[in-house]
Structures are given as C-alpha cells and as structure tokens.
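The following exercises are to be worked with the sequence and the coordinates at hand. Each task is followed by a solution in steps.

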Amino acid sequence: MEDSIIFTPHKLGKLELRNRVIRSAAFEGMADGNRPTEKLKKYHLSVAEGGVGMTTLAYASVNRSGLSFDSQLCMEESVIPGLADIADAVHKAGAAISVQIGHCGNMTHFKTAGGMPLGASSGFNLYSPTLYRKMSGREIAGCAKDFGKAVRIAAKAGLDAVEVHAGHGYLISQFLSPYTNRRKDEYGGSLENRMRFMDMCLSEVMDAASATGLSVLVKTNMRDGFKGGLEIDECLEVAKRIESHKVDAIVLSGGFVSKAPMYVMRGSMPIVSMTHYMKLWWLKFGVRIFGKMMIREEPFSEAYFLEDALKFRKELDVPLVYVGGLVRKSKIEEVLGKGFEFVQMGRALVNTPDFVNRMRLEEGYERCACDHKNYCIARMYSLDMVCCKHLRNELPDKILKELKIDREG
C-alpha cells in the first residue's frame, strides 16, 4: 500500500517532506486576539499525526492593517512562543510546518484594522461594509518590508516554510487585478506596473528566507474567476514573474473573495448556516435576503482546477503544488502523475484529519467522507472551521435541513 507516489519523500527547497501531501492554508478561525491557541495547536497536531508531509497555519497577517478577523494570526513578536509550541508538537509528529503570510487589503473594517482599510485603489467594501483608501507609496514600501519581517518571525518560531498569499483578491492580488487596481502611478496600468508591489514583497521575503533558511511557497491565481479580472494569460505572466524570484514552489489557485468567492472552493454556500452564526443583526438580515445574489455558486467537480493547472505546468519549471477538490486517493495519484510535485487539501483534512494515514495503511481505503457541503466555510468566519459531520448532534434542525444530513448519521 505504501508504494504509491503519494507517500514518497520530496524536496521543497532545502526542506524534505516525508510525502507529497500538504495541509492547505485554509483559514481555521482558531486564534484569539490574533495569537495562537491550544485549539489551533490541537488541530494542526491532529493533521500532523494523521500523516501529512506538511501542515500550514493559515492566513496570518503581516501587520495590523492586514487583519480581517480577531481570530486570525498576526505576525508580531508576541506570537513567537505560541508558534514555537505548535511547531515543536508538529515536528514531534513527523511533519513539517509552514505559515501562510499575507495582507487582506480592503477586506476588513476600521475596528479590526486599526484605521481605514487599505487597498490598491480607493473604494467601498460591500462585505464589511466600509470605505477603504488607496495606499501611499510609503505605505506600500512599509508593507513590503513587513512581509520580510513575517518570514523572520516564522524562522524564530522554528517553522520550516512560509507561503506568501498573492491570490484570492487579497492585497497583492488587489494590486495585480485590473478590477481593483485603478491607479495611475507606477503601481497601476500595465501588468508590469501592477506586479511591482508583488515584486517588492517577494524580494523582501526571499532576502529574509535566504538569511534564515526557510523554504518559500507562493499562492497565486490562475484566473480571478469573473469578467474584468485577471484571466489565464496574464496569470501565467504573473506566475513566471514569481518563478523568477527563485521561490521553492508555486501553489496554483483561483478566485476573488470580494467578487467570486465560490470560484475558490466550488459547491453551494449554505446561507442559513452562515447567517446562523453572524452576530450583527443587519448583516444577518442582508446576507439571508441577498446572499444568493452576492455569492454566486460554482459547481463542484473533483480536481476542478486541474485543466488550468496543466497549462501552468507546461509553461513553468518551478515545483508546483496542486490544490482544489481532492478527496480520492486515485485522483491524488493522477494529479501527481501529471507532473505536480505536491498536492494541498483543506476541507478533506477538516473532515478527516488522518486521511493520509488511512490511504497509506487501510487496504482499499479510497475516499474521505467530505462531500463539500461547505458548512465549514460558512461557519469559519464567525467561529472556527469545523466539519458539520463532527457536529451533527449539536446542530439546529434548520441547518441539518439545509445541509441534508441526518442527526444520527
């Protein structure tokens, strides 16, 4: 059973992972006051003990202005002891550990960000809702340096790698996309100009990684997922620019949280579940009434990004990480067999933290039980990321009805 390509060791820069599976940077919602918690540690330890090659702490902001949630990590010196505790536990379980670093840009509000939200250009964020303003040249340079600082903090905590988030409509992506970047200066207009901020961030990251020995992955879009956003031709140019920075791997994804959020994850968005956990009555009401219009559903299919990802595999030499819709052993083997060095999984490992070990050790084990009802996504922005099948006895009837699951299993 262990002769599968899934379980073969492979290098990620100087770091060798025990197998080809990485827990993707799926936001957990398990920090407290932007610091690590015991719950966050227990979840990543369960995934490490479950057999992954590396687990990724998700969506850590490089500074205060880049925070979307209080339950999100912020890469300040104060997090080092907590991160070190998690890293030590994960290492003892035989896995490596990474942290995804980024900045949410305009996807936040005044109270969380400590000031008016920032973006590539000024505008209005319907999701908060709040106004946001265009970053100045000084703020752009300072934010880029914060990416390097975040790498050094990760290294001090004993982590093995960082994953730079340059996709999904967060700040770097907001500079890249013509939909959100309407600047008239050297950071706007042509794709070359729109890549300038990303170049600055990656230069700081690679300098810090060279000094500390951390491996570097970068998550980038293959398409923004809507008309007026980046399409595959420009995204290929972005990926080639990322490759030129000599990163250790690129994670291929797609979608835009403020415009096409379900393009990232696919499947339905359970509005009843989402609004059940919202605390603000007006937001709860608005999403319940207009949610289906605001959040366009995208059909789920296994390995839904593979067709686009193969176009990137043909054009790039850098190691590539495939992510998107993997729930079966045979499909994971197929993806790896097409030339991808690693795969990432998020929801599958929320549902079944020991998915890798079960594939490796259980005769005939083929598929985890995740069916992409997306309750975990609906819940994580208000509480934490937990699979509905782990909570079926605790969920109210209206959520069970929406998700079409039986209380008894």
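A residue counts as buried under 20% relative accessible area, as exposed over 50%, and as partly exposed in between. The model used throughout is a predicted one.

**Exercise 1. Helix packing and a salt bridge**

Determine how the axes of α4 and α7 are arranged, which side chains of the two helices meet in a salt bridge, and how E204 is classified by accessibility.

Solution. 

Step 1. Helix α4 covers residues 137-156 and helix α7 covers residues 196-212. Their axes come within 8 Å and cross at roughly 25°.

Step 2. Angles under 35 degrees count as roughly parallel. Helices α4 and α7 are therefore roughly parallel to each other, and their crossing is right-handed.

Step 3. A salt bridge joins the side chains of E204 and K145, with an N to O distance of 3.4 Å. Since E204 lies in helix α7 and K145 in helix α4, the pair ties together parts that are 59 residues apart in sequence.

Step 4. The relative accessible area of E204 is 22%, so this residue is partly exposed.

**Exercise 2. Salt bridges and their surroundings**

Give the count of salt bridges, then describe the pair K311 and D308 and the pair D384 and R379.

Solution. 

Step 1. A salt bridge requires a side-chain nitrogen of Lys or Arg within 4 Å of a carboxyl oxygen of Asp or Glu. By this rule the count is 25 salt bridges.

Step 2. K311 and D308 form one of these, at 3.9 Å from N to O. Both belong to helix α12 (residues 306-315), where, being three residues apart, they are separated by about one helical turn.

Step 3. K311 is partly exposed, at 36% relative accessibility, whereas D308 is buried, with a relative accessible area of 9%. Salt bridges that share partners join R223, E231, D308 and K311 into one network.

Step 4. In the salt bridge between D384 and R379, the closest N and O atoms are 2.9 Å apart. D384 and R379 are both buried.

**Exercise 3. Positive phi values**

For K246 and K404, report phi, the place in the chain and the accessibility class.

Solution. 

Step 1. Most residues other than glycine have a negative phi. K246, by contrast, has a positive phi, near 65°, and K404 has a positive phi near 55°.

Step 2. K246 is found in the loop between α8 (232-244) and β11 (249-253). K404 is placed in the segment after α17 (397-403).

Step 3. K246 has a relative accessible area of 68% and is therefore exposed. K404 has a relative accessible area of 70% and is likewise exposed.

**Exercise 4. A nonpolar surface patch**

Identify which residues make the nonpolar surface patch of about 550 Å², and locate M116.

Solution. 

Step 1. The patch is made by F110, M116, F124, L126 and L131.

Step 2. M116 lies in the loop between α3 (110-113) and β6 (118-119).

Step 3. At 40% relative accessibility, M116 counts as partly exposed.

Conventions
Residues numbered from 1 in each chain as written. Predicted model: local features only at pLDDT ≥ 70, side-chain atom pairs only at ≥ 80, totals over all residues. Heavy atoms only, no water. Patch = residues over 30% accessible without salt bridge, like charges linked within 9 Å, V, L, I, M, F, W, Y side chains within 5 Å. Areas by Shrake-Rupley, 256 points an atom, 1.4 Å probe, with all protein chains shown as cover. Helix = DSSP H or I, 4+ residues; strand = E, 2+ residues; numbered from the N terminus. Buried < 20%, exposed > 50% of the residue type's maximum accessible area, 1.4 Å probe, protein only. Axes fitted to C-alpha atoms, helices over the stretch in contact; angles between N-to-C directions. Parallel < 35°, antiparallel > 145°, perpendicular 65-115°, else oblique. Left-handed = near helix turned anticlockwise from the far one by under 90°.
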